[in-house]
Amino acid sequence: MPQPNDNSAEERRIDAIMRLWQADGLGDDGQSAWEQARRVVQEYQDVLLDAAAESVFGRTILAKIEDIEQKNIGDVPKAVITYSLGEKWHLLRRCRQVGIDKAFKEKEDRLFDDWKWDYANFYSLCERAGDWAVIKDLVCGPYRHLRTPQGREFLTVAQWHQSTRMLGSLTLDELFDRIEDKGIDAAFRDLTQFGTDVPPAIREDLQAALDATDKFREARDRISLKEAVQKWEDVVEDTYFRTASLHTQRTYLVEAGNAYEYLYREHGKDCDLSRAITLWHESSAVGAREGHADSAEFLHHLGYSHERRHRSPTASRPGAGTPGDLSDIDLAIKYYGQAYDVADAQYGSGILPAPMEDSPDGFEKALWHRRQRARYRNAAGLAHLERYRTSQAVSDLEAAVLRCQQATELAEEENQRAPFLYDDLAQALETRYVVVGSRIDALAALDAYERALAWCHGGAPVFGLEAATHYGLLLYNLGEVPRARAALETAHTWAQEARFERKSRRDRLQLADLMTALYETLVACCLRDHDEESAFLYATAAKGRSLVDSLFIEGVDLARMVQKQPMEDADRDEYLGVREEIKEAKAQLDRSATMSLYERLVELRHKEKNLWDDLVSRYPDLAAMTDVLPMAPAAARRLSGDLGCALVEYYRHREGWCAFVVTADRVACRPLPEVTDRLLDDLTVWVQDVSDHGLRDTETDVLIRWYDAVLRPLRANLPLSGTIIIAPYGPMHRLPYSAGIERDSGQYAIDEFAMGFTPSLSALDQIWQRGDTGPRLRGQPVSRVLGVAYPNPPSYAHLTHATDEVTAVLECFGGAQTTKLLDEQATPENVLAKAPRQDVVHLCCHGEFNPQFPAQSGLLLNNGWLTARSMAIELDLSGARLFTMSACTTAKASISTGDELEGLTQAALTAGTPTVVATLWKVNDAATKVLLTSFYRHLARGSAPIHAMRAAARQLREEKADTWSHPYFWSGLVVSGLGHLPLGPPATETRRSDGQPEAAHHPHSQPAQWRPGPG
């Protein structure tokens, strides 16, 4: 043995002790800490197994402890370090006493408990992480020693660990077998990609479902969403899916349900929501089989879905639509309660864990879960309130108030600023006030609304909109009109911010009910204050804003906006590149109209729309630049002066109907006390009767009442025998203004006024601004006309006069280049290809309005329908001055909350034309041919469409008084848009052999009995 004073031995001893001290974790050669320690002891036993080594090791430990205490690193790290050193010090002493082999054998026997705790900690961390990528980091990092032979030996001995599964799928043994067989990267590749082992037979479909879902989440691409739903359905219905691990089934059943819910949010079909709920329930059942408890957030989401399905009477569920059916709302209340119980059990009591430097998100996560308890309680309260609306049981109302109060108390405990909780509590209290009549509830509701408003500033504008609107409505109901107006004007400000935040049309429509109540009441408040201009501003804010936005976007130079907007060069270049391709394709199509060029243009237009939507979501300032503000009174007066005619905006506010009459010098509001639901219903029945069943003897009375209600009160403000453009409201959009009869003179309204129509004055302003500098409004002659006729489709009545009508229309424009698409040539594709660059487009065919799916309303042509959707997206009418749809019900539109209109007329205006001629009902083939031929002759003479329609109707009534004088034959055709402007200078008149102008003659077929036609 070396002597203590041997310098070389002392240096060797110090080196050995340092190597022994540093033996920790998994070495580069794959050896564990104790294998490293054994190798060091065997190599340096000549200097380690003596009393001097023990003494030096002891002094080293003391020095290390002193250093630790000076650094003040804490008791836990100090204990860990000193424990490791102490273990090796005692191991050296035992090696001296019994020998190296026996000492390490004793240590290995005691390592069983060490491995047990290592595996237990590893398993706990993995389950908390819930992510295979994180587990891979643990296996490669602090727990890499578990991959050693000793670690695997422990797993073999510890039978109780054989059934322990990682994330509910692989056992620990199976996981490390995969690592040993394939290596770390290969072992975790499938696990990271799919979450667990997936049967090979479904991997391709699963990957496609995941890719399509990710694409939809990134770009909100509906095509990808439909693909995702189909792929998820293929996955979950595949037989092999049921052979996957329970964790796989549970995970992907949730994902499939999420895809169906996305589809429900996009399209609003109840069957999609029901399918989502079914898949989520299957996932929950699978989770129960594997011992997995549903999370509080999952339970809340499931409850919310049942509540939404309860609100839909057409949802596909047992008992749907049955009066008093409460199955879904009861399930919603149940799941909201379970969500609260889970969150409260895990995070509701006791002190939350302190934030840790090595896990900074742990405290925040726990705090978030604790705060969700208020949301779950509140959801239960709203569900009880919804249940009350069906059951009318006061117990449900009491439960709603109690749960909402508990929610606010929980929020106050956690110092939450949650305005929506107080707004919901106020609504529950307000409902109880209405039912019970307690003034205390009314005052408590007002206080809750005020607290909600105080916390809205700086938060989501939707919360401010809801709280201010509900507050103002309650004040109005309590008779405090000045305070109500102030609150509702605050809500109007929030509404503009909410529109900016919610960029998509569907998101904005979700606010429609609330905004309708807001503006109906605010307009009434302003009229009580005799503030007609403010009332006009708020009325225009309430009407058809989505259509106005669409018209604006179609009319502005989006490329210039993108060039000015700060953004990534790649985003800008991609969008501008597509715009340039569209420009080139249009130029080529103008020179050579081939189908391949047209298809290319359609493809580019779709691509441009998707890119624009992406840019708007990525760069919110673009949304602000394309968001149209409500029409101010000054702008309306200016528009009236520019157009040279009076404008009329009808509106129904909280206290009744009114009409705003706009001229160049003022905006005047006239009450319409005789407009009642009874009158509107009577006239709607009249329209349906004359369209479907023939003439009625009671027609005169209802038409007189109609004139007295909507036109007589305005006469003092309207120019005599002048031009007016009318913006109807609600059911008025479907009714014939020109057929109203003046009580004293017996004249029709069309004899007194030349009337044009518009969805709203705001929409008219956008149409005017879009075409103000275009060549179509500069008085240039009509040079290109397209006529389309498809008279004899299968399963529809033959339109005897359709081809003659189109021929007569084209003959009216002498000298113009005319194009006919007749019979087999009258296809949707040909119309879409030929329509660009035409000045006038006239279609004569069958038409159909689809009230359930208005975007599928269309014109029946050869080989298919030209639908409203395809017209709005694919039809290019940017050069057209007039677009006529001589077919049934082409002016009808669905009318949703907020006076949002959707139909063929709106689609044509969005496609770019400033003026549309369409029909309110099923028109008569022969009479319509004569009427429109006369109409076009007047147009060719230089008359504006409104005046041409007025003159044509008068001629029809005079020349065919015995058969076609009834309003059915002429008042159903309406001119929308800029119909007061001539298409161009008078065309050259063609003359007959007798020298008379052809336009003076009005050919028609032999008199025929009127019959309602299908279109």
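Modeller: Start with K231, which is partly exposed at a relative accessible area of 24%. The coordinates come from a predicted model.

Colleague: Which side chain meets K231 in a salt bridge?

Modeller: The general idea first: side chains of opposite charge can pair when their charged atoms come close. Here K231 meets D205, with 3.7 Å from N to O. D205 sits in helix α11 (residues 200–219) and K231 in helix α12 (residues 222–237), so the pair ties together parts 26 residues apart in sequence. D205 is also partly exposed, at 22% relative accessibility.

Colleague: How many salt bridges does the count come to?

Modeller: The count is 43 salt bridges. One of them joins E398 and R432 at 2.8 Å, N to O. E398 belongs to helix α18 and R432 to helix α19, so this pair ties together parts that are 34 residues apart in sequence.

Colleague: Is R432 buried or exposed?

Modeller: R432 is buried, with a relative accessible area of 16%, while E398 is partly exposed at 35%.

Colleague: Where do R705 and D701 lie?

Modeller: An α-helix has 3.6 residues a turn, so residues three or four places apart point the same way. R705 and D701 are both in helix α33 (residues 699–710), 4 residues apart, or about one turn of the helix. Their closest N and O atoms are 3.7 Å apart, in a salt bridge. Both partners are partly exposed, R705 at 25% and D701 at 47%. Elsewhere, salt bridges with shared partners join D708, R712, R715, E742, R743 and E752 into one network.

Colleague: What span does α18 reach from its first C-alpha to its last?

Modeller: Compare the span with the expected one. Helix α18 (residues 394–413) has 20 residues and reaches 29 Å, close to the expected 28 Å. Its buried residues include L397, A400, C404 and A411. Just after α18, N415 has a positive phi of about 60°. Helix α19 has 18 residues and a span of 26 Å, close to the 26 Å expected. Among its buried residues are L421, Y422, L425 and L429.

Colleague: Which residues form the nonpolar patch on the surface?

Modeller: V394, V434, V435 and V436 form the patch, with about 330 Å² of accessible area together. Helix α19 (residues 419–436) gives the largest share, 3 residues. V434, in helix α19, is exposed at 62% relative accessible area.

Colleague: What share of the 1015 residues is buried?

Modeller: Buried residues make up 53% of the protein, whose secondary structure comes to 42 helices and 18 strands.

Terms used:
Residues numbered from 1 in each chain as written. Predicted model: local features only at pLDDT ≥ 70, side-chain atom pairs only at ≥ 80, totals over all residues. Heavy atoms only, no water. Helix = DSSP H or I, 4+ residues; strand = E, 2+ residues; numbered from the N terminus. Expected span 1.5 Å × (residues − 1). Buried < 20%, exposed > 50% of the residue type's maximum accessible area, 1.4 Å probe, protein only. Patch = residues over 30% accessible without salt bridge, like charges linked within 9 Å, V, L, I, M, F, W, Y side chains within 5 Å. Areas by Shrake-Rupley, 256 points an atom, 1.4 Å probe, with all protein chains shown as cover. Salt bridge = Lys/Arg side-chain N within 4 Å of Asp/Glu carboxyl O.
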